[in-house]
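Take a look at the model below. We will go through its charged pairs, a surface patch and a pocket.

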Amino acid sequence: MNKLIIEPNPHIRSSNTTSQIMVGVIIAAIPSIIASTVFFGLKSLILIATCVSACIFFEFAFRLIFKKPHTIANFSAVITGILLAFCLPVTFPLYMAVIGSFVSIVIVKEMFGGIGQNFANPAIVGRIVLMLSFPSYMSNYVEPFFYNHADSSVDVVSSATPLAVEAGEILPSYLDLFLGNHGGTLGETSALALLLGFAYLLCMKIIRWITPVVFVGTVAVGTLVFGGDPLFAVLTGGVLLGAIFMATDYTTNPMTPHGKAIFAFGCGLITVIIRQFGGMPEGVAFSILTMNVLTPLIDRVTKTKPFGADSS
């Protein structure tokens, strides 16, 4: 006779550990790391290494001071460092990057209990704090080595992102936008590299397609409604970086498929609204942070009914 065994949740188990998932995300980020090095030089690697090292140090030091078990081996601090560096221009001062790493790890992650307890994506909050604290440095972009300058004698030229100069200057071609041959932060410029990472994450079943596809689709449709170029909107301003690597964060993303779709739609809609009516050309970071805060409410609304539960 078969017995019905009742156990406390969680009832769904996976052989994948946190460290294995994080390593998978690191592998997915490698194409973007390579692309940033190709287009912006070795300084990009130095900036990435600085952010990663600082995040690891701050996590280790915080847990040592407060006598908590060390979590360095799960590689979550490495991911935070990489994603924070992806949000920075190659010209960004290293000491400011360390400040952003402190905010991301200590204030956003560890002070709320560590991995799995943070209310928002640490790298997103780090980027916003740096953006508000050092706006001139955060917008000091340079054109890549391979960009065709009108003056061939110029080696490095400070420039705005394509999204910021959409109205008044000659913009890069779609091919340059796709490959990453234009001004921007380290991780947001190459759509090709980001899509390679997205394909890997999907193949390894680390993330689901719902959040990135709905996020990007909402930005494209919303831009089209306002009379803009949807392809241009998707390929610029960190939409792909945010949709693939940040909006899919396990801790700050809703649990159910319906919840993920609502979350992603909200991210895309807020991004379009900020771009159209806000005082800045970019809105990805603020949109993800806003929806991170709403994630508990979305989970409550979209949670599934347990089998046999009383609906009254």
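R63 is buried, because its relative accessible area is 7% and the limit for buried is under 20%. This is a predicted model. R63 pairs with E110 in a salt bridge, with the closest N and O atoms 3.1 Å apart. The two sit in distant parts of the chain: R63 in helix α2, E110 in the loop between α4 and α5, 47 residues apart. E110 also counts as buried, at 1% relative accessibility.

The structure holds three salt bridges. Another joins E59 to K109, with a closest N and O distance of 2.7 Å. Here helix α2 (residues 42–65) supplies E59 and helix α4 (residues 94–109) supplies K109, 50 residues apart. E59 is buried at 1% relative accessibility. K109 is buried too, at 3%.

R127 and E188 form a salt bridge as well, at 3.8 Å between the closest N and O atoms. R127 lies in helix α5, and E188 in the loop between α7 and α8, 61 residues away. Both are buried.

Now the surface. V221, V225, F226, F265, L269, I273 and F277 make a nonpolar patch of about 700 Å². Helices α9 (210–225) and α12 (257–277) each give two or more residues to the patch. The largest share, four residues, comes from α12. F265 is in that helix. Its relative accessible area is 44%, so F265 is partly exposed.

Last, the second largest pocket. Its space is about 480 Å³. The lining has 24 residues, with M22, I115, D249, Y250 and T251 nearest the centre. Helices α1, α3, α5 and α11 each supply at least two lining residues. By class, 14 are nonpolar, eight polar and two charged.

Terms used:
Residues are numbered from 1 along each chain as its sequence is written. This is a predicted model: local features need pLDDT of at least 70, side-chain atom pairs count only at pLDDT 80 or more; totals for chains, interfaces and linings use all residues. Side-chain values use heavy atoms; hydrogens and water are left out. On a 1 Å grid over the protein atoms alone, a cavity is a set of points where a 1.4 Å probe fits but cannot get out, and a pocket is an open set with protein on both sides within 12 Å along at least five of seven lines; lining residues have an atom within 4 Å of a point. Grid points are joined across faces, edges and corners, and a volume is the space filled by probe spheres set on the points. Ala, Val, Leu, Ile, Met, Phe, Trp, Tyr, Cys and Pro count as nonpolar, Asp, Glu, Lys and Arg as charged, and the others, Gly among them, as polar. Patches are made of residues with over 30% relative accessible area and no salt bridge: like charges are joined within 9 Å, nonpolar side chains (Val, Leu, Ile, Met, Phe, Trp, Tyr) within 5 Å. Accessible areas come from the Shrake-Rupley method with a 1.4 Å probe; for residues, only the protein chains shown count as cover. A salt bridge is a side-chain nitrogen of Lys or Arg within 4 Å of a carboxyl oxygen of Asp or Glu. Buried means under 20% relative accessible area, exposed over 50%, partly exposed in between (1.4 Å probe, protein chains only).
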